[in-house]
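Have a look at the model first, and then we will go through them together.

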Amino acid sequence: MKHSNGLHISAAICIVALTTLFFSCSKNDKDLKDPSPVPNAKEEMTNYLVNQGFDQQHIVFDKDRVVIEGDIVITIPELKKRVADWKAEQKSGVPQTEQRRGTYIVGNAYNTNIKFYIDPAVPTVWRTAIEGAVNNWNAVNGTRLGMSIVTNQASANTRVFMGYENSNWIARAYLPGSDSKPGVTVEINSKYNTLSASQQLFAITHEFGHTIGFHHTNQTTGTLIPGTPTTDPNSVMNSTVLPWNGFTAGDIKATQILYPQ
Ligand SMILES: [Zn+2]
């Protein structure tokens with residue numbers, strides 16, 4: 001959307017994706033006729049998401065899930081649960097602040113070793129990017145966060161698999177659930193198998209950021225993490241893919257705040 005090569009990364013309350021141009025939305029809008037939520041519930045879910053800082057124009061209902069900002073995915077049942085929690089909080093007078101976001105990061109039972117399973121169909125180029133992304137996150141100092149790749153799907157927290165859509169998202173991922181588990185999947189669009197290795201590494205590092213609870217630095221002002229910069233153009237969590245050039249100081253600080261040692 002905004003940047004040079006035009007490749008764009010997006011996210012949903014649980015899935016996040018990388019994209020080329022923004023508005024793939026028009027295409028997805030056709031899916032609104034599916035037997036998804038009744039209008040009222042949809043309105044309520046939209047209100048909740050807008051309250052969380054998401055731009056209403058970038059919320060797309062797609063059958064049993066919602067895709068936000070192009071690459072963040074959340075299921076309708078999960079979203080309904082969040083709306084119910086949100087309404088209960090409003091009623092009880094619990095302040096709606098950044099603290100709420102802490103509810104949906106990865107719990108201590110999982111965050112020292114988040115286990116990724118790579119589907120056999122994932123080509124070598126992406127496998128290399130996945131290994132690099134795990135190394136990137138593991139190299140952040142001053143945090144309890146840890147990740148690894150496992151070969152047994154049953155023992156994994158997050159499955160990485162290939163998808164295809166003639167669209168502008170490069171990859172997309174689920175955010176952690178209200179059960180404090182890491183986002184359940186990362187889907188890679190095979191349309192971008194020939195993207196540069198450096199951009200693929202950026203893309204997967206970005207998606208793994210979604211699986212541990214990060215939203216887009218440049219888009220979700222409502223969930224700003226206190227103490228981190230309000231603008232950070234080279235942040236890995238911006239929604240436009242860049243060649244990988246390391247985490248910014250803001251990325252590192254945010255990680256240390258969400259996952260202190
Ligand atoms: Zn994203």
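How many salt bridges does a search of the whole structure find? The search finds 4, where a salt bridge is a side-chain nitrogen of Lys or Arg within 4 Å of a carboxyl oxygen of Asp or Glu. Please keep in mind that this is a predicted model, in which local features need pLDDT of at least 70, side-chain atom pairs count only at pLDDT 80 or more, and totals for chains, interfaces and linings use all residues. Residues are numbered from 1 along each chain as its sequence is written, and side-chain values use heavy atoms, with hydrogens and water left out.

**The Asp-119 pair**
- Asp-119 forms a salt bridge with Arg-159, with 3.3 Å between the closest N and O atoms.
- This pair links distant parts of the chain, 40 residues apart: Asp-119 sits in the loop between β6 (114–118) and α5 (124–138), and Arg-159 in strand β8 (residues 158–163). Helices (H or I, at least four residues) and strands (E, at least two) are DSSP runs, numbered from the N terminus.
- Asp-119 is buried at 16% relative accessibility, while Arg-159 is partly exposed at 27%. Buried means under 20% relative accessible area, exposed over 50%, and partly exposed in between (1.4 Å probe, protein chains only).

**The Arg-172 network**
- Glu-165, Arg-172 and Glu-187 are linked in a network of salt bridges.
- Glu-187 meets Arg-172 at 3.1 Å, N to O. Glu-187 lies in strand β10 (residues 185–189) and Arg-172 in strand β9 (residues 171–174), so the pair ties together parts 15 residues apart in sequence.
- In the salt bridge between Glu-165 and Arg-172, the closest N and O atoms are 4.0 Å apart.
- Glu-165 and Arg-172 are both buried; relative accessibility is 8% for Arg-172, and buried Glu-187 has 12%.
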